[in-house]
Structures are given as structure tokens and as C-alpha cells.
Amino acid sequence: MSAPIAFTVNGRPASLAVDPMRRLADVLRDDLGLTGTKIGCNAGDCGACTVRLDGEQVASCLVPVAQVAGAAITTVEGLTPSDGSLSALQRAFLEAGAAQCGICTPGMLMAAVEAAREGDDGSRPAGAEVEDALGGVLCRCTGYRKIIDAVLTASIGLTPIEAPGVGRAVGARLPKVDGEARVRGTALYGADERPEGCLALRAVRSPHARARFVIGDLGPLRSRHPGLVAVLTAADIPGQNRYGIYATGKDQPALAEGEVRHRGEAVLALVGDEATIAAIDDRDVPVSWEPLEPLVGVEAALAPGAPLLHAASPDNVLVAGRVARGDVEAALAGAAAVAEIAVETTAVEHAYIEPEAGWAQRVGDRIELHVSTQTPYMDRDEVALIMGLAPDAVRIVPTACGGGFGGKLDLGVHPLIATAAWLLGRPVRAVWTRPESMAASTKRHPASIRAAAGADADGRLVALRFHGDFDTGAYASWGPTVAHRVPVHAMGPYAVGAVLATSRAVYTNSPPSGAFRGFGVPQAAIAHEALLDGLADRLGIDRLEIRRRNALRAGSTTATGQVLAASAGLPACLDALRPHWDRLRAEAAAHNGRATSAGEVGSVGEAARAGRARTRRGVGIGAMWYGIGNTSMTNPSTIEMGLGRDGAVTLFSGAVDIGQGASTVLVQIASDALGVPADRVALVSGDTDRTADAGKSSASRQTFVSGNAARLAGLDLRRQLLALAGVADGAAADLAIADGAVTVAGAGGRTAAVDLGELAEVTGFDRSTPCVLLGRGRFDPRTTPLDADGQGEPYQTYAFGAQVALVEVDVDLGTVKVLRVVAAHDVGRAINPTQVEGQIHGGVAQGLGLALLEAYVPGRTDNLHDYLIPTVGDVPPIDCLLIEDAEPSGPYGAKGVGEPALVPTAPAILGAIDDAVGVRISTLPATPDRVLAAMEAARSRA
Ligand code: FES
Ligand code: FES
């Protein structure tokens with residue numbers, strides 16, 4: 001036994017006899033129960049584990065505990081004042097909306113502590129100082145801007161946000177209803193719970209992209225490791241060893257059966273005590289491999305004679321999509337100008353800071369999973385299939401979700417922890433490492449797009465021809481969604497005379513591509529926005545103006561033949577951007593020392609090389625539209641709102657808040673519908689035993705779809721109360737809830753009281769929060785199936801937006817710095833403007849990463865050191881212009897913004913690079929070598 005190591009934590013003495021080389025982060029979490037300190041990488045890259053060591057910020061995953069002997073450690077738990085209130089910094093984070101998913105928040109807070117303080121001379125922190133302080137902590141959600149704001153304002157204190165009154169919650173900047181736990185560090189994520197007697201599970205994964213394998217005799221391994229309780233193979237899966245999003249796409253095994261189709265695929269699982277599982281070297285596990293030549297990229301997969309990944313797809317094409325309207329070739333032939341583009345994008349990693357994690361336990365004949373997820377009901381049904389159980393024998397209890405962005409719509413740890421817990425009768429826990437998360441989780445589809453567009457002399461679009469091949473990787477996952485959504489959106493938010501848009505999702509031996517904020521639309525937008533720029537330049541039309549002329553608007557007919565009845569606010573977005581566009585272009589021109597008219601951009605790079613400027617600035621614009629919810633299929637949400645005998649109001653919401661703020665938005669909507677203050681409403685969220693199915697948190701659907709359901713639930717509960725009070729439904733009436741009674745004050749001063757104590761409990765309501773009245777709302781957006789030409793109504797409503805980016809290109813190095821983004825988004829109605837801005841900031845940051853930084857290469861960028869996501873220094877100031885073109889069918893007019901915020905960013909940045917140095921980068925990301933090579937090629941062509 002080692003000698004105890006003594007130190008203080010949050011002012012309290014600690015003395016632990018532990019291995020001196022253990023990571024401080026692990027000791028804090030596992031031995032001292034301080035799970036506010038998070039682990040995102042265990043490699044010093046993410047900063048989630050940041051604590052203060054004798055006042056200095058350190059990454060506690062890199063600090064051996066021996067090093068802290070005699071030192072003073074402060075963790076996030078130590079920020080909370082002894083009276084239980086929030087510190088000024090925590091409060092600033094909460095009120096500024098600086099914590100979305102919250103997994104980075106403890107690290108951010110600890111990194112910010114010093115920078116947030118007022119100097120002895122009363123000086124206030126400066127932006128650069130704050131950015132320096134936060135530079136070691138990654139956030140994937142917020143785009144950092146609200147975190148910076150929070151740190152800058154913490155020392156002066158913000159004017160506290162007043163709780164909105166009755167009927168005023170919608171539109172208010174309400175702090176997140178689940179925000180306090182995040183800034184206190186008490187929110188429990190997938191890795192934060194370790195039930196009594198829990199075993200650990202770790203998968204052994206393929207080092208090969210394609211191989212056959214044989215598992216040898218496991219007896220010697222078990223003998224060498226007595227703490228190894230079980231080794232699971234495919235034969236142990238109790239039910240169907242095939243899962244997948246679509247009924248026709250269940251092709252992914254929980255454990256591979258003799259053949260692996262991508263690097264990182266699980267072949268067996270080790271279950272035992274944590275130390276044993278961690279100590280086993282994969283090379284000691286008896287698996288013999290026969291590596292095979294993998295299919296890398298769609299070209300290889302589509303080549304004649306290519307081996308097949310799945311027998312059901314004889315040409316390796318999972319699915320194809322198509323939208324056709326009019327005679328495209330004739331329209332292109334008659335166009336005054338034609339532009340063409342070829343776009344290649346790469347795999348992009350979600351890089352949520354919380355790797356996949358959770359635990360499972362068997363409860364009688366049921367299995368219960370506590371997991372980080374975006375979609376509890378889909379998880380329930382998938383796990384039921386794998387376990388061979390009825391869906392109601394599976395309970396999913398979502399933990400706090402440390403970021404999803406689509407990646408946690410697929411199963412992660414679920415199948416294996418469920419199987420192990422079921423078979424062993426003990427709780428089983430799994431936490432993926434960062435490399436494991438990156439190797440085994442889904443990616444944004446790499447896209448290979450060829451497109452052409454034609455316009456008349458006025459710049460009106462007459463034709464678009466588009467084809468995109470999307471690398472869907474080894475398994476179907478969300479490939480069908482991408483293949484069907486892309487052709488609908490391929491022409492961008494424009495009215496186009498004739499369209500032929502086709503797509504294919506193609507199997508390869510890459511990790512499965514899945515859902516990632518936009519389902520292929522961001523890749524398509526890179527193509528259609530390049531075409532718009534190309535046509536504008538050829539026709540001598542301002543790039544914003546050509547978008548204005550072609551913008552879809554109320555009354556327009558889309559390429560699928562849908563007439564947009566209302567709420568199509570792109571013209572308003574572009575009008576709002578106009579002064580910013582003009583100002584930024586003037587600024588860029590001033591920087592460049594010359595005009596930046598379209599006719600001159602071709603020589604800009606040379607001018608710079610001639611020594612007149614080392615950097616060139618440019619301004620670009622991107623526009624988008626996005627159908628809210630699933631494409632042409634049913635997509636319902638059910639939300640309930642209950643009233644307890646004591647007058648407690650509870651919203652039962654199965655919509656998981658993955659940081660985007662769904663819980664807060666739904667409380668705001670439902671409380672206004674019922675007619676009570678938002679702070680009277682308690683929330684039960686996500687648990688499949690306690691909430692109804694509100695669908696998945698994806699496709700930007702929760703505000704529109706679940707928001708409508710929440711509004712209907714509130715109205716239903718109100719209707720029941722008014723009926724009991726003898727007040728006509730729909731009549732003006734104020735509700736007051738106190739002492740187990742509801743007083744209904746109707747018109748003319750008439751009041752009636754409803755004694756809740758006299759009401760029977762709602763029966764058939766299998767929830768642990770009893771109610772005497774229950775309002776229920778269900779909403780399913782109106783869509784129609786698409787015919788063979790993609791004609792129909794794929795979505796009930798669409799979000800629109802446009803962004804302008806100012807960039808600076810170093811013409812010697814090829815580096816691109818984004819200096820400012822102005823984002824205008826038509827969200828219908830901003831239910832919570834702080835959260836809408838937060839979504840826009842986060843979307844812009846991810847779009848910037850897509851444009852300039854991010855490329856996932858299996859086996860090479862499986863960590864947050866080699867895989868670059870934007871840091872606080874990469875994300876520029878972002879101006880948000882909220883356009884509220886109310887959607888009549890939306891809850892209080894709202895639509896959605898989660899995915900729309902990302903779509904226009906990369907096109908705007910790429911257009912700005914083109915504006916600055918005269919080259920259109922269409923193979924992403926636009927890394928310095930690609931920018932320099934393109935400039936060189938342009939020069940040699942000149
Ligand atoms: S967990 Fe320590 S830096 Fe990422
Ligand atoms: S709030 Fe920063 S990673 Fe989610």
C-alpha cells in the first residue's frame with residue numbers, strides 16, 4: 001500500500017493511499033466523488049478536466065496525484081459559495097447562456113476564474129486576456145462567444161433576469177431550466193454514475209478496415225485475469241444481432257460475426273472489474289485476423305467488380321434519391337450564364353466533448369439503461385430487438401447529454417452493456433475512450449458532388465443539375481435520410497425553373513456515416529452557393545443581390561412542387577444583411593487597398609505576392625433553407641402536462657435536451673399555453689417510463705414538433721381546469737394555483753375555485769409523479785410521400801437563413817482567419833432569443849470547422865490533438881439578426897434553428913476566400929496547403 005498523499009480539495013483536507021501515478025482527474029472523480037470534473041480525452045487536449053492547482057489552471061488528467069501532495073486543489077464544486085447560492089461567475093454563465101450541454105462548463109469555469117476577476121485597481125478583464133485563459137478548453141456547442149461574454153461581465157454582475165410573468169415566457173431570455181446543475185457541476189452525465197457492484201465493460205475492436213477474424217480459446221485469457229468475469233461474443237447477443245435506424249437498414253451487428261467492415265468495429269467485449277479490464281492488452285486477446293483490401297471512398301465501392309459489403313445491396317448502393325422537375329438540359333442550353341462546380345468533402349467527427357457512456361441493470365424481467373442519448377424511444381426499440389424483449393421491457397433513462405449533434409442518435413454503449421447486465425445480473429458500465437469514440441461513432445457523410453446551374457441575363461435561375469454521392473460507410477445508419485433529404489435541398493433556398501437532383505448513399509469500409517447537424521444539406525449548400533457566386537460573377541450581379549432575386553418566398557413553388565404558404569423569410573434575412581455586407585466589403589476593400597469588384601479578384605493573389613499586402617480580406621455570403629422534421633414521413637411528438645393534488649405543475653417531456661435548450665423552450669411554451677408562470681413548472685424529461693414518446697432530438701424538430709405538442713398539452717390541461725370551474729373553453733381567464741386549489745378568475749370578476757384534493761388521481765398513467773389532471777398534446781407535421789420524381793410535400797415548414805463572413809487570407813502561408821460573421825436567421829419566432837443566438841453561434845463554429853479545419857481519417861486523427869475543432873481563438877465575433885417570419889402552424893410561430901445555423905457558414909467562408917484571393921476551394925477543408933496550391937494554380941492559368 002502506498003503512503004497516503006495529503007492535499008486539500010476545495011478547502012477540505014484529503015489524504016488518500018492510492019497509486020501515486022494515478023491521474024488526478026480519476027482520483028477526484030472516483031475516490032472523492034467530485035464528478036463535476038469531466039473527462040473528455042484523458043490526453044490534455046480538451047480541457048474538460050481543468051481544475052486549479054495552487055491557483056493555476058491545470059489539466060487534471062495529465063497530473064499524477066503524487067504531484068499534488070501538499071497542494072490546494074479547487075474544482076468546480078468549490079466555486080459554489082457555502083450558502084449554496086451561485087458565484088458571480090456561475091451566475092454569469094447561467095444568465096448569458098454560456099452553458100449548453102454543459103460538459104465543458106466545469107472546465108471553462110475553472111479556466112476562467114482568474115481572468116474573470118476585477119484587478120486590484122478596479123480594472124475589468126479584457127477580451128484577449130479572457131481568450132488566453134480559455135484557450136486550453138474546448139467547447140463544441142457554444143461557439144465560445146457567450147462564454148467570453150459571461151467571463152467579461154462576471155465581475156460587474158449582469159442585471160438579473162426577471163422571471164417572466166404569466167403569458168410572457170415565450171420570447172423571454174429565460175435561463176436554461178436545467179442550467180444550474182451544469183454551472184454547479186452537479187449534472188450527471190453518462191460516465192458520472194457507478195452503481196454499487198458495477199462491472200466495467202470494454203469492447204475489443206478491429207484494427208483493420210476490412211478483415212475476417214476468428215476468436216480463439218478464451219480460457220487462458222480468463223485464467224490469466226481472474227477479475228475477468230465474462231467475455232461476450234456475437235453468440236451471446238440474446239436477440240437479433242442486427243440493428244439500424246430504418247426497418248430496411250438493420251445491418252449493423254452489436255458484435256461482428258467473423259467479418260469486420262470498418263476499423264473500430266467491436267468483435268468482443270470484456271466484462272470485469274475496472275482494473276482488470278483496463279489492464280488487459282488487446283494483443284493478448286486471442287483474435288486472429290485476415291486483413292482484406294478495404295473499399296476506401298465511393299469510387300472504389302462503385303467500381304465494377306468491387307466486393308460487396310452487404311448482399312442486399314448488389315452494387316454497394318444503399319439507397320438513391322431524386323427530385324426532377326422540368327427539362328434541365330434544355331434550360332441549361334438556353335441559359336445566359338452557366339456555372340459548374342465539383343465539391344469533395346471529407347468525414348467530419350461530431351467531437352462532442354462527452355464520449356459515449358452509460359450503465360445498465362437488470363430489474364426482474366426488464367432491462368434499464370442510463371445512457372447519454374438523443375433519442376430514448378428509438379434506443380428503447382433498438383435495444384429491445386437486440387435483447388429479444390418487448391419494447392416495454394426496456395427502460396431508457398437519459399443522463400445529461402454532453403453534446404450529440406446527431407452522433408448520439410445511433411446506439412453507442414447500449415447493446416453491450418444491456419447484454420452483459422442481462423446475462424450477469426449485475427450492473428455493467430462502459431465509458432468509451434476518446435479514440436474509441438472517434439473510431440466507432442458515426443461521421444458526417446463525405447460527399448462527392450457535381451453540379452451545374454444556369455441563369456437568365458437578369459440572374460434568375462433557370463436550371464440546376466446536381467448529383468451527390470455520399471460515402472455512408474460500413475452500415476446504413478442514417479444514410480437513407482441523407483440520400484432523401486439532399487435532393488430536396490440541392491437547389492438551395494431558391495426558385496429554380498428546372499431541376500434534376502440525384503443522390504446515392506454508398507457503402508464503403510469507412511466508419512458508418514450517420515446524422516450530423518444537417519443530414520447532408522451542409523455539403524450540398526457548398527455546391528449550390530458556389531454556383532450562385534459563379535453566376536453572379538459571370539453576369540456582373542452583386543452576390544447578395546442574385547440571392548435576393550431568386551429567394552423562395554411565401555407563394556413560391558419549390559422543386560418538389562410544394563407551394564410555400566407562409567413563413568419564408570429569406571428575403572428579410574438578406575435585407576437585414578445588406579448594410580453589413582456593404583460595410584464589410586468596404587472594410588475589406590480598404591484593407592486590400594483597392595476595390596474588390598468581381599472583375600479584379602483574379603489578380604488579387606498576384607498583387608499580394610507583389611508585396612502590396614501580405615494579407616487579403618474578402619467577404620462571402622451563404623444562404624440556406626431547411627425542412628423541419630423528418631422527410632416525408634410521420635414524425636409525431638406527444639407531450640403531457642400534469643397537475644398534482646398539491647398544485648404542482650409538471651411537464652412530462654420525452655424530448656431530450658442535448659444542450660440545444662429543448663427543455664427550456666418546451667417549458668416556456670407549455671406554461672404560456674396553460675397560463676401559469678414558467679417557474680411554476682417542474683420538468684420530467686426523457687425517461688421512457690415516465691414520459692411519452694416525443695421523438696428524437698434531431699432534424700431541428702423539437703421546437704416545432706414537440707413545441708406544438710407542448711402547447712397542445714398546456715391548452716388541454718387549461719381546458720380541463722376551465723371546465724371544472726364552469727368557464728367556457730377559450731374564454732379569457734386567469735389561473736392562480738395555491739394551497740391545493742386552482743382559482744379561475746373569469747371575465748366580469750367571476751371567480752371559481754377547483755379543489756384539487758377532491759379530484760381522483762389520473763389512472764392508466766404509469767408515472768411516478770401522480771397527477772389529478774393530465775393534459776396531453778400530440779403533433780405530427782403534415783407531410784406527403786414523394787413520388788418517383790420527388791414531387792410532394794416533404795415538410796410542413798422550412799427555416800431560412802443567410803450569413804456573411806469576413807475573412808483574412810495570409811497569401812504567403814495560405815492560412816485563413818475568419819474575422820466576423822453576421823448571421824440572419826428566420827426562426828419564425830424566437831421562443832428564447834438567448835438560446836437561438838447560442839444555436840447560431842455553435843452552428844457557425846461547426847461550419848467554420850467544416851470549412852477550414854476538420855478531417856477525420858481512421859487511425860490517424862482519432863484524438864482531439866490531430867483532429868482539430870475550433871478553439872476560442874478561431875471563432876470570430878458573430879452578430880445574430882433574428883428574423884421572425886411567424887409560421888402559422890408553429891407553436892407561437894416558431895420553427896427551428898439547430899441545423900440551419902450551420903448550413904450557410906462554410907459557403908460564406910469559401911466565398912470570402914474566393915473574394916479575397918480569387919480562388920474557389922471546393923475540396924474541403926480549405927487547409928493552408930490547399931489554399932496556396934489553388935492560388936498557385938490560378939496564377940499559372942493566368
Ligand atoms: S480530459 Fe483532460 S484535457 Fe481532456
Ligand atoms: S456547452 Fe461546451 S461542449 Fe457543450
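How many cavities of 30 Å³ or more does the structure hold? The structure, a predicted model, holds nine of them. The legends below cover two of these cavities.

**Figure 1. The largest cavity and the residues at its centre.** The volume of the largest cavity is about 500 Å³. Its lining is made up of 36 residues. Closest to the centre are Gln 660, Ser 700, Gln 839, Val 897 and Gly 898.

**Figure 2. Helices in the lining of the largest cavity.** H21 provides the largest share, three residues.

**Figure 3. Residue classes around the largest cavity.** Sorted by class, the lining of the largest cavity contains 17 polar residues, 14 nonpolar residues and five charged residues.

**Figure 4. The second largest cavity and the residues at its centre.** About 340 Å³ of space is found in the second largest cavity. A set of 30 residues lines the second largest cavity. Those nearest its centre are Tyr 243, Leu 411, Gly 412, Trp 432 and Ala 440.

**Figure 5. A strand and helices in the lining of the second largest cavity.** The elements giving two or more residues to this lining are strand E6 (199–205), helix H12 (414–424) and helix H13 (434–440).

**Figure 6. Residue classes around the second largest cavity.** In the lining of the second largest cavity, 15 residues are nonpolar, nine are polar and six are charged.

Technical notes:
Residues are numbered from 1 along each chain as its sequence is written. Chains are lettered from A and ligands numbered from 1 in the order in which they are written. This is a predicted model: local features need pLDDT of at least 70, side-chain atom pairs count only at pLDDT 80 or more; totals for chains, interfaces and linings use all residues. Side-chain values use heavy atoms; hydrogens and water are left out. On a 1 Å grid over the protein atoms alone, a cavity is a set of points where a 1.4 Å probe fits but cannot get out, and a pocket is an open set with protein on both sides within 12 Å along at least five of seven lines; lining residues have an atom within 4 Å of a point. Grid points are joined across faces, edges and corners, and a volume is the space filled by probe spheres set on the points. Helices (H or I, at least four residues) and strands (E, at least two) are DSSP runs, numbered from the N terminus. Ala, Val, Leu, Ile, Met, Phe, Trp, Tyr, Cys and Pro count as nonpolar, Asp, Glu, Lys and Arg as charged, and the others, Gly among them, as polar.
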